[in-house]
Amino acid sequence: MKMGFYKDNPPLKKGKVCSFRDEVAAVAATSPEIAKKALDLIEIEYKELPGIFDPEKAMEKDSPLVHEYHKSNVLKLPWKLHYGDVEKAEKESDFVVEEKFTTQWVTHCCLGTSGAIALFDSNDNLTIHTNTQIPSLAQKDFLESLKAMGLVNKRVRVIKPIIGGGFGSKLDTYAYEHISILLAYACRKPVKIMFDRVEEFKATSTRQPTVIYIKQGCDKKGKLTFRDMKMVLDNGAYTSWGATTPSVMMMPITSLYRVDNVKFNAKCVYTNNTYSQAMRGYGNPQATFAIESTLDMLAQKAGITRVDIRRINRNQPGDLTPQGFKISSCGIAECIDEVEKEFAIDGPKEKGIGTGIASLIHVGGGARIYKSDGCGAILKMDDYGKVDIFTGGTDMGQGLDNITAQIVAEELGLYVEDINVVHSDTDVCPWDVGAHASRSTFVAGNAALGAAKKVKETILEYGSKLLDAACEDLVLSDRTIFVSGNPEKSMPIDKLLRKAHFSPQGKMLMADFFYDPDNENMGKEFKGNMSVTYAFGAHGVKVKVDEETGKVQVLDYVAAHDVGRAINPLLLEGQVYGGVVMGLGYALTEEVVTKDGQNMNANFRDYKLFTAKDAIRIKAPVVETYDEYGPFGAKGIGEPGCVPTAPAIANAIYDAVGVRIFDLPITPEKVLAALKEKKSATTKI
Amino acid sequence: MRLPRFKYLGPETLDQALDLLNTHKDDAKILAGGTDLLVRMKKGLLKPNILISLKALNELSYIKKQDGYIKIGARTPLADIIASDLIQKEARALFQACEKIGAITIQHYRGTIGGNILQDNRCHHYNQSDFHRSGRQACHKDGGKICYAREEADRCNSTCQSDGATALMALGANITLESKGGQRTVDLANFYTTDGIMPFAMESHELLKEIIIPLHGAQSAYQKLAYRSAIDYPIVCAGVLLKHSLKKEIEEARIVVGAMGRSPLFLAQVSSSLKGKKLNDTIAFKKAADASMDSSATFAVHNVGATLDYRCAMVSQMVFQALEQAAKYIKR
């Protein structure tokens with residue numbers, strides 16, 4: 001039994017343990033007290049082996065191997081691309097900036113902790129209730145586990161309860177889920193595993209830490225000439241989706257702003273640290289931190305304002321980027337305008353106060369990482385004008401159920417309360433690749449819309465007969481069907497449904513639809529239109545830096561996003577606010593502190609998540625570009641909010657006090673140390 | 001994490017509470033707000049069989065002015081102290097400290113001033129879950145012989161991070177400890193043992209009853225450095241008190257540095273160096289602040305978060321800012 005796409009992670013480890021979170025034994029009991037006593041009876045003798053906790057050191061020749069069978073600590077993954085001619089472009093550039101950046105471990109901090117309940121029926125079919133963002137792919141993983149247990153041709157039913165947040169943490173199956181299956185099978189009873197907060201911190205996966213080497217250049221006019229990036233990712237001891245985040249890092253690297261010559265090379269390296277997972281932004285925040293920080297440095301070198309360099313190089317509708325992304329709608333220019341409207345980025349400033357700006361690109365119309373990027377929906381109507389929609393899409397707190405109901409209600413002329421959304425039960429709901437890549441509103445929304453359109457057609461056919469009018473003249477609105485321009489000629493929709501049902505050869509209305517976006521898998525050269533459309537945005541921030549303590553206070557924040565169209569403005573703002581606050585934590589306070597691979601701050605007192613008192617007022621202007629492929633014009637907005645936050649903050653700190661921090665999080669001590677260094681450098685001169 | 005099983009006792013009067021405490025001694029712990037105690041119990045750091053709740057003892061919740069003193073009942077909620085005009089005007093350091101403790105919900109519903117003073121010392125290596133600690137040899141505070149914060153240390157180096165204690169020590173507060181058939185009042189500065197394992201000189205049958213702050217026309221201030229605006233303990237803090245003469249000269253100064261040692265550090269020598277200095281003598285303040293840093297640096301170990309270097313450097317900042325603030329209030 002092996003988990004993860006790289007198949008290097010058995011749910012129960014033996015022989016050698018490779019990290020502090022390794023699962024080695026499992027016990028099921030009828031009470032936690034008995035389970036604890038049973039655990040105390042297990043005796044294991046460990047021999048101490050040298051550990052390796054620094055990915056760059058792990059790449060050295062004589063470094064101890066995390067997995068001997070793998071022969072090397074560097075994963076065999078092909079994250080390498082080169083479009084155009086970077087070497088030539090560098091020679092021809094008028095200005096070049098070269099820097100090194102580092103980013104830390106942060107973790108999702110879902111308020112609901114993880115857990116699973118597994119049970120087998122008398123025929124060895126499995127039902128598992130589990131916190132997951134990927135019911136369909138989890139089903140596949142669990143089927144493989146059953147197979148490894150010798151249970152072939154069995155059924156797996158995955159039921160996802162209401163969960164308290166995902167943010168990418170639940171995008172892969174975890175050892176505890178497979179262990180609950182093993183235990184349930186062994187004792188023929190339902191087995192529940194619930195994490196407490198410490199376990200949630202220690203045994204779920206983080207965002208991957210990176211070491212980033214970047215070179216960017218521009219010509220005299222500020223036009224970007226090339227971008228060259230190298231990265232080392234700390235993979236931890238096992239492999240999950242964290243190791244594939246370079247595929248998304250490629251997006252800002254090749255396609256944030258117009259730049260023809262780009263090069264990227266990333267290595268994922270085994271260490272004895274905790275292993276990483278997907279987390280909101282999926283590599284994009286790390287890459288954008290380096291790109292947007294050096295863009296400011298480049299602007300300064302070239303003598304161009306920070307806003308101008310972004311305007312000059314902005315993406316535009318109709319662009320084809322070096323990686324083959326087709327930019328359909330694009331509101332990056334309008335987003336920059338919105339930031340400027342709030343405060344003058346390049347205007348006069350007070351001592352210790354500075355402003356910063358940073359932009360973003362992200363997938364906004366699905367992301368074809370898996371063989372299918374699809375989602376199914378089944379819709380049925382009853383005799384009372386109510387709808388049940390069975391969606392593959394997963395709500396994990398972001399509000400997809402609400403969005404789905406709104407889309408169906410809008411299409412069928414009903415009210416949101418008329419729509420019952422049934423989700424996340426693989427026995428009932430169609431397939432979906434999972435809630436990731438900011439794709440749910442776009443893909444699951446289009447699936448629901450497709451099913452609703454099919455049913456609408458049938459309603460209109462009946463309406464045409466019953467109201468004696470052409471289909472194209474009929475309107476569905478306020479639970480009623482009526483003739484356009486002649487509203488007296490109308491019928492309540494529920495009445496129409498009953499007439500359809502209770503007549504000879506009666507019919508009840510239902511439809512199914514599977515939406516698979518017209519995007520492309522990236523080939524060997526990582527070229528292809530990964531997403532049907534792309535989301536853009538720009539963030540602006542004003543900070544005050546206390547030069548005595550190094551503390552950074554965020555005074556004002558504006559997060560402008562091109563969302564295609566806001567289907568639910570309240571939920572959308574919630575996504576942006578949440579994303580920004582997560583990004584602020586990433587920029588300023590959050591860090592999983594480790595000592596020789598062991599998590600030392602596994603609680604909310606010592607892991608510095610922003611508190612309600614730290615959260616600041618955020619303005620979130622919405623730029624609506626109406627994307628032709630989105631449901632009612634919408635694009636994704638789940639992740640973008642946390643993507644450009646860290647560089648916006650770093651740029652503002654530089655603007656305020658003239659020091660640049662290259663290492664996240666930007667703690668007061670780092671700022672103070674940089675201020676000191678700057679002071680001693682100036683006094684020497 | 002689950003709370004382990006315990007017996008809950010709810011005395012109706014102070015005498016009953018003292019009786020129970022006398023009977024059960026080490027077997028029991030006092031439960032006031034529980035914001036420190038219950039978290040420790042969940043982590044298995046404390047395993048009392050019995051909790052004696054002060055819930056019904058409203059007689060321990062008061063703030064009053066009497067005979068030139070402010071007297072505060074130990075079970076007074078932090079929210080009451082923050083809301084008190086008397087404290088805001090005449091014991092400003094305490095007001096400023098309480099305002100920054102925990103979060104509004106903790107101040108309002110649960111946290112008490114007595115609990116804040118009696119919160120146990122902390123250390124990143126010690127304040128961990130049962131599971132974390134089970135995978136290694138026990139440290140001094142956990143009943144073992146090792147210190148993870150300072151190599152080869154022969155004793156516990158845990159840190160006192162109480163906001164309230166630092167402010168109260170600056171204010172020269174005394175506390176009254178009550179037990180069955182006895183009562184004693186001690187200077188808060190002498191209440192500490194410099195033993196990280198048991199930081200307070202207090203017997204298991206004693207109950208903290210009252211905090212007494214002398215009023216002598218002085219001004220005080222409290223400064224705290226933390227990464228966040230709520231929840232965080234100080235990584236460094238300072239409480240100061242300045243008493244002045246008619247000539248606007250400093251007659252008495254008290255400088256206390258918190259979160260740097262096993263107890264709040266009253267820096268007597270540094271404090272007395274300000275005697276006779278003018279209230280606007282910024283250079284003297286700066287010197288005292290730097291001296292505070294030098295005096296407290298030796299006590300600190302790297303065990304509450306930020307790096308040791310940074311914390312030491314910030315002692316000087318916190319002390320200086322607190323001195324400036326207290327002087328400013330006098331000048332008003």
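This is a guided tour of a predicted model, going from one selection to the next.

Begin with the place where the two chains touch, selecting chain A and chain B together. The contact takes 16 residues from chain A and 18 residues from chain B. On the side of chain B that touches chain A, the largest share comes from helix 12 of chain B, residues 308–331, which supplies three residues. The residues on that side of chain B divide into ten nonpolar, six polar and two charged.

To see where they meet, display residues of helix 11 of chain B including Phe285(B), Ala288(B), Ala289(B), Ser292(B) and Met293(B), together with residues of helix 12 of chain B including Cys312(B), Val315(B), Val319(B), Phe320(B) and Leu323(B). Taken by class, the residues of this contact between helix 11 and helix 12 of chain B divide into ten nonpolar, three polar and three charged.

Next, centre the view on Val319(B). Leaving aside residues up to four places away in sequence, Val319(B) touches Ala238(B), Val240(B), Ile255(B), Val257(B), Ala288(B), Ala289(B) and Ser292(B). Val319(B) is also among the residues with the most contacts inside the largest nonpolar core, a set of 292 residues, and the others named with it are Ile649(A), Ile653(A), Leu94(B) and Val240(B).

From that list, move to Leu94(B), and select helix 5 of chain B, residues 92–99, along with helix 9 of chain B. Their axes are 8 Å apart and the packing angle is about 175°, and helix 5 and helix 9 of chain B are therefore roughly antiparallel to each other. In helix 5 of chain B, Ala93(B), Leu94(B), Gln96(B), Ala97(B) and Cys98(B) meet residues of helix 9 of chain B, among them Asp163(B), Gly164(B), Thr166(B) and Leu168(B). This contact has seven nonpolar, three polar and one charged residues.

Keep helix 9 of chain B, residues 163–170, in view on its own: it is mostly covered, with eight of its eight residues buried. The buried residues of helix 9 of chain B include Ala165(B) and Met169(B). Just after helix 9 of chain B, select Gly172(B), which takes a positive phi of about 70°.

Going back along chain B, look for Ala153(B) in the loop between helix 8 (130–134) and helix 9 of chain B. A distance drawn from Ala153(B) to His140(B), C-alpha to C-alpha, gives 9.4 Å, while the two residues are 13 residues apart in sequence.

Finish in chain A, selecting helix 7, residues 246–255, and helix 8, residues 284–302, whose axes are 8 Å apart at an angle of about 30°. These helices of chain A are therefore roughly parallel to each other, and they make a right-handed crossing. Their contact is made by residues including Val248(A), Met249(A) and Pro252(A) of helix 7 of chain A and Ala287(A), Thr288(A) and Ile291(A) of helix 8 of chain A; by class, it has seven nonpolar, three polar and no charged residues.

Methods. Residues are numbered from 1 along each chain as its sequence is written. Chains are lettered from A and ligands numbered from 1 in the order in which they are written. This is a predicted model: local features need pLDDT of at least 70, side-chain atom pairs count only at pLDDT 80 or more; totals for chains, interfaces and linings use all residues. A residue is buried if 20 or more other C-beta atoms lie within 10 Å of its own, exposed if 12 or fewer, and partly exposed in between; C-beta atoms are placed from the backbone. Helices (H or I, at least four residues) and strands (E, at least two) are DSSP runs, numbered from the N terminus. Two residues are in contact if their C-beta atoms, placed from the backbone, lie within 7 Å. Ala, Val, Leu, Ile, Met, Phe, Trp, Tyr, Cys and Pro count as nonpolar, Asp, Glu, Lys and Arg as charged, and the others, Gly among them, as polar. A nonpolar core is a set of buried Ala, Val, Leu, Ile, Met, Phe, Trp, Tyr and Cys residues joined through C-beta atoms within 7 Å. Axes are lines fitted to C-alpha atoms, for helices over the stretch in contact, and angles run from 0 to 180 degrees between N-to-C directions. Angles under 35 degrees count as roughly parallel, over 145 as roughly antiparallel, 65 to 115 as roughly perpendicular and the rest as oblique. A crossing is left-handed if the near helix is turned anticlockwise from the far one by less than a right angle, and right-handed if clockwise.
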